[in-house]
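Subject: Structure handover

Hello,

Here is the structure for you to look through. My notes on it follow below the display.

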Amino acid sequence: MIFVRRAAVTALVAITLLGLLAPMIAPYPYNRQFRDFPGAAPSRAFPMGADEIGRDRFSRLVWATRVSVALAPAAALTSVALGLAISALSGFRSRVVRRGVESLTTICLSLPWIFLFLVLRAELPLNTGPAASVALTFGLMGIAGWAWPARVFTAAIAGMIDSGWMLQARAAGVSNLRIAAVYAWPHIRSLAAAQFRVLIPAYILSEASLGLLGLGVPDPLPSWGNLLRDLQQPEVVKANPWVLAPLALLMIAMVSLELLPSRPERAI
């Protein structure tokens, strides 16, 4: 089991380095077109072949890894930070405020965010740049996903409200800010790390699903999601099996994230 976990860590480090070092690893820019070689087979010039408009598949895969590696954790961090802030602000207020936040969390969990995202995405102008579309895709994921970690944080904070150490701290005149930062945070730090770890693969898969629908990261900027659209063309897969590389990389990342060693921190 230790060997399997080490292999998972090694795979994730390799994928991360592949994304972070994309400008040095990719032989060509992701949007460069070799119009004399559309759909070229794998060769020394194009290790994984070229797509239908002559772009190097290997270069686009490397740059797509950079997008997913950089932005999925950022979206997960946004969700965890928002969920923790909202739970903390409501946890140290009156019961009415806490119940209101719990109701809001329940409503947000029940909303069909995918349809709301589709509506917002459809409202974007056709000339919207790739950077704005990427920021919208992962930004909405991060903002819309706050309710999942907030439900966990709210339950954890609710268990602390009537604890002996909490009552003693309040009786001693300790401010709510100090209680949250110094005394409560060590108890929920491991929960925050666990939620962050869970949300990263969830957001990677969400972007891949949106990319298959043509609503994720737009061309010419590559992502694992929009590269997977080639799998909808069986003749392309049969002619060049290298188009399966994004799917293989996605599966390796997902399995490796699930196999990461879990070492929960001891609460203080």
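Helices α1 (2-20) and α2 (22-25) each supply at least two residues of a nonpolar patch; helices here are DSSP runs of H or I with at least four residues, numbered from the N terminus. The model is predicted, so to speak of local features a pLDDT of at least 70 is needed and side-chain atom pairs count only at pLDDT 80 or more, while totals for chains, interfaces and linings use all residues. Residues are numbered from 1 along each chain as its sequence is written, and side-chain values use heavy atoms, with hydrogens and water left out.

**The patch**

The patch lies on the surface and is made up of Val9, Val13, Leu17, Leu20, Leu21, Met24 and Ile25, with about 600 Å² of accessible area together. Areas come from the Shrake-Rupley method with a 1.4 Å probe, and for residues only the protein chains shown count as cover. To join a patch, a residue needs over 30% relative accessible area and no salt bridge; nonpolar side chains (Val, Leu, Ile, Met, Phe, Trp, Tyr) are joined within 5 Å, and like charges within 9 Å. Helix α1 gives the largest share, four residues. Leu17 lies in α1, and because its relative accessibility is 43%, it counts as partly exposed (buried is under 20%, exposed over 50%, partly exposed in between; 1.4 Å probe, protein chains only).

**Salt bridges**

A search of the whole structure finds two salt bridges, each being a side-chain nitrogen of Lys or Arg within 4 Å of a carboxyl oxygen of Asp or Glu. In one, Arg55 meets Asp51 at 2.8 Å, N to O, and both residues are buried. In the other, the closest N and O atoms of Arg57 and Asp230 are 2.7 Å apart. That pair links distant parts of the chain, 173 residues apart: Arg57 is in helix α3 (residues 57-91), and Asp230 is in the loop between α10 (224-227) and α11 (234-239). Arg57 and Asp230 are both buried.

**Confidence**

The chain has a mean pLDDT of 80, with 86% of its residues at 70 or more; pLDDT is the predictor's confidence in each residue, from 0 to 100. Helix α5 (residues 113-122) has the lowest confidence, at a mean of 64, and α2 the highest, at 90. Residues 264-268 fall below 50. Where pLDDT is low, the predicted coordinates should not be read in detail.

Regards

Terms used. Contact = heavy atoms within 4.5 Å.
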